Amino acid sequence: MIERRIIEEQLNYTLDSIDAPHLGDKISGKVRDSYVVGDKRILVTTDRLSAFDRVLTSIPFKGQLLNEMAVYWFRETQDIVSNHLLDWPHPNVLVGQEVEIVPIEVVVRAYLTGSAWRDYQVGRDISGIKLPPNMKRSQAFEKPLITPSTKAARGEHDVPISSDEVVSSGLVEARLWDEICEKALAIFKRGTSVAAQRGLILVDTKYEFGTLVRNGKRTLVLADEIHTQDSSRYWVLDSYADCLEKGIDPHMLDKEFVRRMLMQKGYMGEGIPPVIEDSFRVDAAIRYIEAYEKISGKEFAAEPGSQKEAIQQVLKTFSRVCLKSLV
């Protein structure tokens, strides 16, 4: 684990955004800035921190941590389903195959926590799934559940939707949705196994899938990110049994503690968000690093200082010619 002092110094150099006008129009998500060049998408993972679909602040080294984690998991699961990863030219940069994104976020849950627990407490179904009565907070489901949601525009909230509604509404064709669910559960099973080997529980996660035509055949592709601290919830395994008995969540190594802090301050995405202190930003970075090191089994090699110039230099090397050479 890198020293807290280094993380504190990095507060002055967090990557809030990146501009590469020679690549065309920038597409800004909550965390990633991207450019589409031909059939490739260049994604820059920034240090931006979002919660409740709002960008709140930036966290030192967060972009590098997320990008490296995504690359790790894309490689760990490429035997299960194809993914969009083509190249990784900088710790914060990923070059992917451009795909036609399926307009549904595929959420897989193995435990009753987060928004599912909040809905359960007030008697709501979870994406059309009615859960048994008298479940405890943090309790494991008999088997992982797929609880999809619609993909909202930036600044808007995703809306839960049932698997039946995904198909009946025409958002996804039935055969494709069946394949997506099968692959999502298989990837989650792999993630659960790897996390357990590291003393962790993969609690829930979200996936984004797309399709593209390869050799005249439409192929399912995993896109965006996978099993990162932003898209997934991780608990420390040793703390689980005691916390279940007490009705509290185990030690978390993901972004949920940010949401908890905001809710304690009365913020859930509406109105003006509270100021996030620098000390909290450093604490968040430490959790992201701890999760990265536990999951990957590698020590995090930080890239201190401003990365903007280095990233822009990397992006300048890209052209339509060199992007076509990637396979």
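**Entry 1: one tryptophan to begin with**

A reminder to myself before anything else: this is a predicted model. I started at Trp-73, which is buried, with a relative accessible area of 0%. I then checked Tyr-72 and found 14% relative accessibility; that is under the 20% cut-off, so Tyr-72 counts as buried.

**Entry 2: aromatic pairs**

How many aromatic pairs does the structure hold? I found nine. For the rings of Tyr-72 and Trp-73, I noted centres 5.3 Å apart and planes at 80°. An angle over 60° counts as edge-to-face, so this pair gets that label.

Next I looked at Tyr-207 and Phe-209, which form an edge-to-face pair with 6.2 Å from centre to centre and 65° between the planes. I looked up burial for both partners: Tyr-207 is buried at 0% relative accessibility, and Phe-209 is buried at 0% as well.

I also came across a cluster, in which ring pairs link Phe-61, Tyr-292 and Phe-300.

**Entry 3: helix H2 against H5**

H2 covers residues 62–77 and H5 covers residues 174–197. I read that their axes come within 10 Å and cross at roughly 115°. That angle makes H2 roughly perpendicular to H5. The crossing of H2 past H5 is right-handed.

Which residues make the contact? From H2 I listed Tyr-72, Trp-73, Glu-76 and Thr-77. From H5 I listed Ile-187, Arg-190, Gly-191 and Val-194.

**Entry 4: helix H2 against H8**

I then turned to H8, residues 278–296. H2 and H8 pack at an angle of about 20°, with their axes 10 Å apart. Angles under 35° count as roughly parallel, so H2 is roughly parallel to H8. Is the crossing left-handed or right-handed? I noted that H2 passes H8 in a left-handed crossing.

On the H2 side, the contact is made by Lys-62, Leu-65, Leu-66, Glu-68, Met-69, Tyr-72 and Trp-73. On the H8 side, I wrote down Ala-285, Tyr-288, Ile-289, Ala-291, Tyr-292, Ile-295 and Ser-296.

**Entry 5: helix H7 against H8**

H7 spans residues 256–264 and packs against H8 at an angle of about 155°, with the axes 10 Å apart. H7 and H8 are therefore roughly antiparallel to each other. Phe-257, Val-258 and Met-261 of H7 meet Phe-280, Ala-284 and Arg-287 of H8.

I took a second look at two of these residues. Arg-287 lies over the face of Phe-257, and I noted 4.1 Å from the ring centre.

**Entry 6: Ala-195**

My last stop was Ala-195, found in helix H5. Is Ala-195 buried or exposed? I read 1% relative accessibility, so Ala-195 counts as buried. Leaving out residues up to four places away in sequence, Ala-195 touches Leu-200, Ile-201, Leu-202 and Tyr-234.

I also looked up its separation from Ser-296: Ala-195 and Ser-296 are 101 residues apart in sequence, and 9.0 Å apart in space, C-alpha to C-alpha.

Key:
Residues are numbered from 1 along each chain as its sequence is written. This is a predicted model: local features need pLDDT of at least 70, side-chain atom pairs count only at pLDDT 80 or more; totals for chains, interfaces and linings use all residues. Side-chain values use heavy atoms; hydrogens and water are left out. Rings of Phe, Tyr and Trp (its six-membered ring) pair if their centres lie within 6.5 Å; planes under 30 degrees apart count as stacked, over 60 as edge-to-face and the rest as tilted. Buried means under 20% relative accessible area, exposed over 50%, partly exposed in between (1.4 Å probe, protein chains only). A charge sits over a ring if NZ of Lys or CZ of Arg is within 6 Å of the ring centre and within 35 degrees of the ring normal. Axes are lines fitted to C-alpha atoms, for helices over the stretch in contact, and angles run from 0 to 180 degrees between N-to-C directions. Helices (H or I, at least four residues) and strands (E, at least two) are DSSP runs, numbered from the N terminus. Angles under 35 degrees count as roughly parallel, over 145 as roughly antiparallel, 65 to 115 as roughly perpendicular and the rest as oblique. A crossing is left-handed if the near helix is turned anticlockwise from the far one by less than a right angle, and right-handed if clockwise. Contact means heavy atoms within 4.5 Å.
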